[in-house]
Amino acid sequence: MHCALYDANRCRSCQWLDKPYSTQLSDKQSLLEQLLAEQPVAAWLPPVVSPQQAFRNKAKMVVSGSVERPVLGLLSREGEAVDLCACPLYPDSFQPVFAALKPFIARAGLTPYNVARKRGELKFLLITESQQGGMMLRFVLRSTAKLEQLRAALPWLQQQLPQLTVISANIQPVHMAILEGDEEIALTPDQSLAENFNGVPLWIRPQSFFQTNPQVASTLYATARDWVRALPVNSMWDLFCGVGGFGLHCATPAMQLTGIEISAEAIACAQRSAAMLGLEKVQFAALDSTAFATGRDAVPQLVLVNPPRRGIGEALCDYLSQMAPDYLLYSSCNPQTMAQDIARLSAYEITKVQLFDMFPHTAHFEVLTLLTRRQQP
């Protein structure tokens, strides 16, 4: 992939862009094999590749410059505004959105936030696109001071961009590099963006996590579904379940499934999807995954975990080792913490592992690992 911003040393987010893509994949696979070197692996499956450009369904743009000439992109370490609208990771469908947002910022009087002076209102623009064609737009503001001006100007933007089905304002008052605050203010009646992976309806709300690479995410969910359906199980937990992507793919009408996620917004999305699919034996709850699991006296046949970068941790590993479900399915965005967790799960052996290149041109990737309880001698 060629990137003029990288060549000009204006953006280095894609740290591995100088490496041929085949080398990127082999380096990631080698790292994963090193991390699991002390654990026998019955089957290494080939890495799942990604498109090398135009694969992102999200844009997280720092807004800088002036209200008349806003810059959408990032701030360099020296405080220079860098326009990322031409970033080749974004699909072509983002270009008309960027083009309309620049004059809209002036129409709405949304002064870009100046970090050095601690003045201004508009901090970030967060854009998410569904494979269905709809888009979600979030304005991250310092306060509610310009909220009514924003509301008054919105009809013009919606006329220009009818694909914007979900619009909201997030209030982030802290002078720190924090992407969003706790308060979300709906600016459209609909606050759920419709998505669909492999025939499974999913919903994205403003503060719920969702994968940034839909093509690879679709393959990841389908792989988990295929692995689970090949196992002799009819009960499972989906811990750290997000909007329910894994559990909803794996569930069948006969499967007893419980999905747990701390975010109430994400759980509302998962419950809506389960109802659409008519899955009567599936339930979702907004709880802490570790507290939920360790407070139970029994476990299902399969536990699926998809934790944040910190991994599932010692307490949950100890609990799973003690309760010993037949199978564990571990999806990870941080192979280092996954390897640490697996080392703690001494009652299990690794049946198969597969790398999913969710983040080309960087050192990051996702992994799916199936663990089977060791047979007692």
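This is a predicted model: local features need pLDDT of at least 70, side-chain atom pairs count only at pLDDT 80 or more; totals for chains, interfaces and linings use all residues.

Residues are numbered from 1 along each chain as its sequence is written, and side-chain values use heavy atoms, with hydrogens and water left out.

**Exercise 1.** Work out which strands stand at the edges of the eight-stranded sheet.

*Solution.* Start with the strand order, β1-β16-β17-β15-β14-β11-β12-β13, in an open sheet with mixed pairing. Strands here are DSSP runs of E with at least two residues, helices are runs of H or I with at least four, and both are numbered from the N terminus. Two strands pair if DSSP finds at least two bridges between them. Next, look at the ends: β1 (44-48) and β13 (282-286) each have a single partner strand, so one side of each lacks a neighbour in the sheet. From one strand to the next, the twist averages 15°. Angles run from 0 to 180 degrees between N-to-C directions, with axes fitted to C-alpha atoms, for helices over the stretch in contact.

Now zoom in on β16 (residues 348-356) and β17 (residues 366-373): they run antiparallel and are joined by eight bridges. Within β17, Thr-369 is the bridge partner of Val-353.

**Exercise 2.** Find the edge strands of the seven-stranded sheet.

*Solution.* The order is β4-β3-β2-β5-β6-β7-β8, again an open sheet with mixed pairing. Its edge strands are β4 (81-83) and β8 (183-186), each pairing on one side only. Ignoring direction, neighbouring strands are turned by 40° against each other on average. Four bridges join β7 (residues 164-171) to β8 in antiparallel fashion, and Ala-169 stands opposite Ile-185 in β8.

**Exercise 3.** Which helices do Phe-104 and Trp-156 lie in?

*Solution.* First, the whole structure holds nine aromatic pairs (Phe, Tyr and Trp rings, the six-membered one for Trp, with centres within 6.5 Å; planes under 30 degrees apart are stacked, over 60 edge-to-face, the rest tilted). Phe-104 and Trp-156 form a stacked pair, 6.4 Å centre to centre with 5° between the planes. Phe-104 belongs to α3 (residues 95-107) and Trp-156 to α4 (residues 147-160), so the pair ties together parts 52 residues apart in sequence.
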